[in-house]
Amino acid sequence: SVTIPVEVTAPGKTNSTNYVTYLLVPAPPNDQFANSLKLSASGSSVFTSNKRATIEKGEPVHANDANASASLWYNFVPPVTADVLVDTGGSDYTTVVAVYTNNFLTNLAPVVSAIGNPSGIRGAYVQFKGLAGVVYRIAIAGASSADSGGLRLRIGQNLLPDTNAPFATVTYPQSGLTVLTN
């Protein structure tokens with residue numbers, strides 16, 4: 001946090017000094033490729049936020065979306081060769097998912113990518129054949145500068161994407177209300 005003194009003076013009046021404290025919210029720790037978070041080989045569910053995340057210099061254009069912003073980086077190493085799912089269903093914003101191989105930001109090789117649907121299920125997902133022992137570099141970004149907030153990330157092998165929106169019917173009190181959510 002930063003505290004700033006504010007001094008108020010006026011002729012013929014008593015001076016007043018007030019203090020304003022601003023909480024500084026840092027960027028997420030995995031905002032930069034070099035600080036990618038390693039995900040468990042057995043699979044992971046991550047609930048976080050990409051607020052205050054950036055696109056770093058030299059970062060690839062994820063999913064050919066030049067407007068992608070606020071990326072977070074993860075590493076996943078499959079323990080066996082099998083299908084891998086990277087799913088951001090249930091996130092608060094339209095996501096871009098991009099999976100790469102190689103070890104440096106400047107020479108990443110694209111594997112697969114997708115962009116969520118802003119008018120439907122906003123969370124994107126990808127599936128690919130993950131090779132045992134290969135480090136996959138995963139970028140999750142917003143589809144535009146307005147796309148930031150709560151991120152739900154699920155990754156693992158032999159999983160299915162969550163493509164069905166929840167369905168709820170209110171049975172009591174009887175109002176006939178039906179609610180669809182994403």
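**Aromatics, strands and a loop**

Guide: F33 and W73 are both buried, where buried means under 20% relative accessible area, exposed over 50% and partly exposed in between, with a 1.4 Å probe and protein chains only. Keep in mind that this is a predicted model: local features need pLDDT of at least 70, side-chain atom pairs count only at pLDDT 80 or more, and totals for chains, interfaces and linings use all residues. Residues are numbered from 1 along each chain as its sequence is written, and side-chain values use heavy atoms, with hydrogens and water left out.

Visitor: OK, how do F33 and W73 sit against each other, in Å and degrees?

Guide: They form an edge-to-face aromatic pair, 5.0 Å centre to centre with 90 degrees between the planes. Rings of Phe, Tyr and Trp (its six-membered ring) pair if their centres lie within 6.5 Å; planes under 30 degrees apart count as stacked, over 60 as edge-to-face and the rest as tilted.

Visitor: And which parts of the chain does that pair tie together?

Guide: F33 is in the loop between β2 (16–22) and β3 (37–38), while W73 is in strand β5 (residues 69–76), so the pair ties together parts that are 40 residues apart in sequence. Strands here are DSSP runs (E, at least two residues), numbered from the N terminus, as helices are (H or I, at least four).

Visitor: What about W73 and Y100, how are those rings placed?

Guide: Their centres are 6.1 Å apart and the planes are at 40 degrees, so this pair is tilted. W73 in strand β5 and Y100 in strand β7 (residues 95–101) are 27 residues apart, so to speak distant parts of the chain that the pair links. Y100 is buried, like W73. F33, W73 and Y100 form one aromatic cluster.

Visitor: Switching to strands: what's the order in the four-strand open sheet?

Guide: The order is β4-β11-β6-β9, with antiparallel pairing. Two strands pair if DSSP finds at least two bridges between them. The edge strands are β4 (44–49) and β9 (125–130), each pairing on one side only.

Visitor: How many bridges join β4 and β11?

Guide: Six, in the antiparallel sense, with β11 covering residues 150–157. T48 has L151 in β11 as its bridge partner.

Visitor: Last one: is T106 buried or exposed?

Guide: T106 is exposed, with a relative accessible area of 73%. T106 is in the loop between β7 and β8 (109–115). The C-alpha atoms of T106 and G58 are separated by 6.2 Å, and the two residues are 48 apart along the chain.
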